[in-house]
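I opened the notebook to record what I looked up, entry by entry.

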Amino acid sequence: MRKQRFSVLPLRVVLCACLLALLAACGRPAPAEKRATGKTMRLSDSLVITDEVRLPCTPVKQQGHSSLCWIYAMLATIETEHLVKGDSVNLSPLFLARQYLVAEAESFYFARGKGNLSQRGMSPMTLRLLGRYGAQPYDYYHAHQQANMNVLWRRVAQLARTAAVRREGVEAFRRQLGDLLDKELGFVPRFVHMLGAEYTNEEFGRSVCMKGEYEALTSFSHHPYGTRFQLEVPDNVMGDTFLNVPLDTLMAVVNRSLRNGHPVCWEGDISEDGFSFQKGLATLKEDCDTTQRQREFETFQTTDDHCMALVGLARDNAGRRYYLAKNSWGTGNRFGGYMYLSEDYVRMKTICIVVHRDQR
């Protein structure tokens, strides 16, 4: 390799080159290791879990008083996808939450305040919002992250009802809504500036997630496998379709994705007694039976309660597999906001997953 002769370069050139190298290092870290170093955690006197795969993640966030886990989990999945590739991305859930609220509030206004203004949704809806409105970095839009979104949603609903009754017109309602959200959530930056380039929110969104980059899958036998159908859960408010595959195929996709360095966005039931955020553990007493799984879904014992990003694989000292999940309830548990979901739990209680299309 030819050596560089720095002595012949002007000092200002050397300093400029060093500064550019430092900025590049800050904006784009080196690719992180996809595999863990065998980190071991003791869960009890008899249960020890050892990480096999642990993908890099942005800091754990806190969804606070909201039902917006579907935004947090999908964005966490996208963030880890970039981190594995060596690209530093940390996205703002609050930005998409605001865009969703504005769109829903306008529809609520035209419905004259009838019905329900809901926060509920599913992870594919996050991709829809991202494609339509773009994205913001977390550092650009999070100052009011701890706002009580439940209270804010109710205030917006009342504002829409009042404006509809007064017949003020949609433009007046938009102005009132914008003033309220600016006060409660902060002003939305119009542009994203990164490494000397300026992006609109839409351009930045396309840079972090391309259209069709992710695929939504489910596994239920009341529809033919290999077909797509609108998953019949209340949170599927936009009528998203999911590719229906056998359960073993679904689990194989999850395992392959994680081992290949791709996170998985997971939606499922967390109402079971074996799910404990404080313990950082989710287990089932019984083994998963496909027929029983289908029956529990049809009788509403398995429901679409929560959404998290799966970012790792682990084994316990008896050889049982676990999935490392990044939650969005803050860091106040024994694993700093992460949880270990047993394989039986994931097999029985999964509603759907969203994975990178290359891993389908």
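Before placing any residue in a helix, I noted the term: a helix here is a DSSP run of H or I with at least four residues, numbered from the N terminus. With that settled, I looked up Arg 174 and found it in helix α6. I also wrote down that the model is predicted.

**Entry 1: Arg 174**

Next I looked for a polar partner of its side chain. The side chain of Glu 106 makes a polar contact with that of Arg 174, at 2.8 Å. I also looked up the spacing to Ala 163, which is 11 residues from Arg 174 along the chain; their C-alpha atoms are separated by 9.9 Å.

**Entry 2: helix α9**

I went on to α9, which covers residues 290-298. Which of its residues are buried? I listed Arg 293, Gln 294, Glu 296 and Phe 297. Looking down the axis of α9, I saw that these buried residues fall within an arc of 160°, so they line one face of the helix.

On the face turned away from the buried side of α9, I found the exposed residues Thr 291 and Arg 295. I then asked what the buried residues of α9 pack against. The elements are α8 (247-259), α10 (343-349) and β14 (350-356).

I checked both ends of this helix. At the start of α9, a side-chain oxygen of Asp 289 comes to within 3.1 Å of the backbone nitrogen of Thr 291. Just after α9, Phe 300 has a positive phi of about 65°.

**Entry 3: the nonpolar cores**

I looked up the largest nonpolar core, which has 60 residues. Which of its members touch the most others? They are Met 149, Val 156 and Leu 231. Several elements each supply at least two residues of this core, including α2 (69-84), α5 (149-166), α6 (170-185) and β5 (214-218). The largest share, 9 residues, comes from α3.

Leaving out neighbours within four places in sequence, I found Met 149 in contact with His 65, Ser 66, Leu 68, Leu 94, Ala 97, Gln 119 and Leu 185. Apart from this core I noted another, of 46 residues, among them Val 60, Ala 282, Tyr 322 and Val 355.

**Entry 4: aromatic rings**

I counted the aromatic pairs: the structure holds 9. For Tyr 109 and Phe 173, the ring centres are 5.2 Å apart and the planes are at 10°, so this pair is stacked. Tyr 109 belongs to helix α3 and Phe 173 to helix α6, so the pair ties together parts that are 64 residues apart in sequence. I checked burial too: Tyr 109 is buried at a relative accessible area of 9%, and Phe 173 is buried at 1%.

For Phe 335 and Tyr 340, the centres are 5.2 Å apart but the planes are at 85°, so I wrote this pair down as edge-to-face. Phe 335 and Tyr 340 are both buried. I also found a cluster, in which ring pairs link Phe 275, Phe 277, Trp 329 and Tyr 345.

Then I looked for charges over rings. Arg 54 lies over the face of Tyr 338, at 5.1 Å from the ring centre. Lys 61 lies over the face of Tyr 138, at 5.1 Å from the ring centre.

**Entry 5: two buried residues**

I looked up Glu 81, found in helix α2. Is Glu 81 buried or exposed? Its relative accessible area is 1%, and the limit for buried is under 20%, so Glu 81 is buried. Not counting residues up to four places away in sequence, Glu 81 touches Tyr 214, His 262, Pro 263 and His 356.

Last, I looked up Thr 218, which lies in strand β5. Thr 218 is buried, with a relative accessible area of 0%. Its side chain reaches the backbone oxygen of Ile 351 at 2.6 Å. Beyond four places in sequence, the residues that Thr 218 touches include Phe 229, Leu 231, Phe 242, Val 245 and Cys 352.

Terms used. Residues are numbered from 1 along each chain as its sequence is written. This is a predicted model: local features need pLDDT of at least 70, side-chain atom pairs count only at pLDDT 80 or more; totals for chains, interfaces and linings use all residues. Side-chain values use heavy atoms; hydrogens and water are left out. Buried means under 20% relative accessible area, exposed over 50%, partly exposed in between (1.4 Å probe, protein chains only). The arc is that of the directions from the helix axis to the C-beta atoms. Contact means heavy atoms within 4.5 Å. A polar contact is a pair of N or O atoms within 3.5 Å; within protein, one must be able to donate a hydrogen and the other to accept it, and residues adjacent in sequence count only if both atoms are side-chain atoms. A nonpolar core is a set of buried Ala, Val, Leu, Ile, Met, Phe, Trp, Tyr and Cys residues joined through side-chain atoms within 4.5 Å. Rings of Phe, Tyr and Trp (its six-membered ring) pair if their centres lie within 6.5 Å; planes under 30 degrees apart count as stacked, over 60 as edge-to-face and the rest as tilted. A charge sits over a ring if NZ of Lys or CZ of Arg is within 6 Å of the ring centre and within 35 degrees of the ring normal.
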